[in-house]
Amino acid sequence: MPHSVAWLGYGGLLPFIVLAPASLVDPQHARLWNAALLTYAAVILTFVGALHWGFAMALRDLGASRRTRCFVWSVVPALLAWSAFLFSPMLASLLLVTGFLAHYWQDRLLVAASHLPTWYLPLRFRLTTVACLCLMAGAFAETS
């Protein structure tokens, strides 16, 4: 994996790793920390969805049907992320976690149908796992 990818990918976890514990240890400001966590998660979910738009344009080994599915899927995470703000923080967290897990599943399908770097799927797994755990911790803080 290129060093820049590792730094940017894992660096992108810092807001998750800071905001989730902050919402647990600072009950007086838990709503603020959790709102920041949900907002950041929505932005990141939208970002990872857009990766599939880029893959659909750039990967030459995709068939027409798979390419179309990538284009269609690429907008779904943004719609999930936006709609999360229509719900309570607990439901928003669950919707965002569902979005991250669904996107990881789409990543798996894409990797099976194309030639992405071997580091891509393991990286996506690790990033998805941490993001989901932090979202669930934030949701727990909001209910306590």
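1. At what angle do helix α4 and helix α5 pack, and how far apart are their axes? Helix α4, residues 64-84, packs against helix α5, residues 89-113, at an angle of about 165 degrees, and their axes are 9 Å apart; axes here are lines fitted to C-alpha atoms, for helices over the stretch in contact, and angles run from 0 to 180 degrees between N-to-C directions. That angle makes α4 roughly antiparallel to α5, given that angles over 145 degrees count as roughly antiparallel, under 35 as roughly parallel, 65 to 115 as roughly perpendicular and the rest as oblique.

2. A word on the basis of these values. The model is predicted, so that local features need pLDDT of at least 70 and side-chain atom pairs count only at pLDDT 80 or more, while totals for chains, interfaces and linings use all residues. Residues are numbered from 1 along each chain as its sequence is written, and side-chain values use heavy atoms, with hydrogens and water left out. Helices are DSSP runs (H or I, at least four residues), numbered from the N terminus.

3. The crossing of α4 and α5 is left-handed, a term used if the near helix is turned anticlockwise from the far one by less than a right angle. On the α4 side the contact (heavy atoms within 4.5 Å) involves residues including Arg66, Cys70, Trp73 and Pro77, and on the α5 side residues including Leu95, Gly99, His103 and Leu109. By class, the residues of this contact divide into 13 nonpolar, four polar and one charged, where Ala, Val, Leu, Ile, Met, Phe, Trp, Tyr, Cys and Pro count as nonpolar, Asp, Glu, Lys and Arg as charged, and the others, Gly among them, as polar.

4. Helix α5 also packs with helix α3, here at an angle of about 20 degrees and with the axes 10 Å apart, and α3 and α5 are therefore roughly parallel to each other. The crossing of α3 past α5 is left-handed, and among the residues that meet are Leu38, Val48 and His52 in α3 and Ser93, Phe100 and Asp107 in α5. This contact has twelve nonpolar, seven polar and one charged residues.

5. Ser93, in helix α5, deserves a separate look. Its relative accessibility is 0%, and Ser93 therefore counts as buried (under 20% relative accessible area, with a 1.4 Å probe and protein chains only). Apart from neighbours within four places in sequence, Ser93 is in contact with Leu38, Leu135 and Ala139.

6. Helix α3, residues 30-58, packs in turn with α2 at an angle of about 155 degrees, the axes being 8 Å apart, and the two helices are therefore roughly antiparallel to each other. Their crossing is left-handed, and the contact includes Pro15, Phe16 and Ala22 of α2 together with Tyr40, Ala41 and Ile44 of α3. By class, the contact of α2 with α3 has twelve nonpolar, two polar and no charged residues.

7. Two residues of helix α2 complete the picture. Ser23 belongs to α2, residues 14-25, and is buried at 2% relative accessibility; a polar atom of the Ser23 side chain lies 2.6 Å from the backbone oxygen of Ala20. Residues up to four places away in sequence aside, Ser23 touches Ala30, Trp33, Asn34, Gly138 and Ala141.

Notes:
Buried means under 20% relative accessible area, exposed over 50%, partly exposed in between (1.4 Å probe, protein chains only). A polar contact is a pair of N or O atoms within 3.5 Å; within protein, one must be able to donate a hydrogen and the other to accept it, and residues adjacent in sequence count only if both atoms are side-chain atoms.
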